[in-house]
Amino acid sequence: MRKARAKKRVQTPDPRFNDVLVSRFINCMMHSGNKSRSRKIFYDAIDIVATKIQEEEGIETFRKALNNIMPTVEVKARRVGGATFQIPTEVKPERRVALGTKWMLTYCRKRNEKSMAEKLAGEIVAAAKGEGASVKKREDTHKMADANKAFSHFRA
C-alpha cells in the first residue's frame, strides 16, 4: 500500500431532524450541488409519508424503510484460475447504508408520480411495508448470495 487510508469525514446532522443518516441521504439525492432543493424535496416527502401513515412519525417510517432495503450480504466477482466466481461477502455497516440509499433513490426516480417528493414518499411507504422495487433489489441480492454460497471458501 503506497499511501495512508483516506480519513473518514465527519458529517454534520441535518437541521430539522438533527440526524446524520438524513444528512447522508440528502447528500446522495443532491444534483449539481443544489442542497437546499434536495432538503426541501426530502422534508416534503417526509411530510407526505406522515399524512399517509398516521400510526408513526414520517422520519420513523423512513428509518424503517431504509432498514428494509439495506442488504446484509452481497456478491463480489473474483477470478480463480481463469474462471470468475460470484463470492458472497458480508456488507460493512457504512456500505449497507450507502447501498440502501442508492437503491432507494434509483427506484424512486423511476416511479410514475408527479413530483420527486411524491415519488420518494411512495418509495418510502412501499419499502416500510416491505414491498416496492428497492426491497425486491435487496431480496434479489440476498438470493444471488445464497445461490453462490458454495463458492464462499474462495473469500480473500
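Predicted model: local features only at pLDDT ≥ 70, side-chain atom pairs only at ≥ 80, totals over all residues.
Me: Okay, and which residues of helix 1 are buried?

Reply: Helix 1 covers residues 20-29, and its buried residues are Val 22, Ser 23, Phe 25, Ile 26 and Met 29.

Me: Why do those end up on the same side of helix 1?

Reply: They lie on the same side because they span an arc of only 160° around the axis. As a rule, an α-helix has 3.6 residues a turn, so residues three or four places apart point the same way.

Me: Nice. What do the buried residues of helix 1 pack against?

Reply: Their partners are helix 2 (35-52), helix 3 (58-69), helix 4 (93-109) and helix 5 (116-128).

Me: Let's zoom out. How many helices and strands are there?

Reply: The protein has six helices and two strands. Along the sequence they run α-α-α-β-β-α-α-α.

Me: And how much of the protein is buried?

Reply: It has 156 residues, and 34% of them count as buried. The accessible surface is about 10000 Å², with 50% of that belonging to carbon and sulfur atoms.

Me: What box do the C-alpha atoms fill?

Reply: Roughly 55 × 40 × 25 Å, taken along the principal axes.

Terms used: Residues numbered from 1 in each chain as written. Heavy atoms only, no water. Helix = DSSP H or I, 4+ residues; strand = E, 2+ residues; numbered from the N terminus. Buried < 20%, exposed > 50% of the residue type's maximum accessible area, 1.4 Å probe, protein only. Areas by Shrake-Rupley, 256 points an atom, 1.4 Å probe, with all protein chains shown as cover. Arc of directions from axis to C-beta. Contact = heavy atoms within 4.5 Å.
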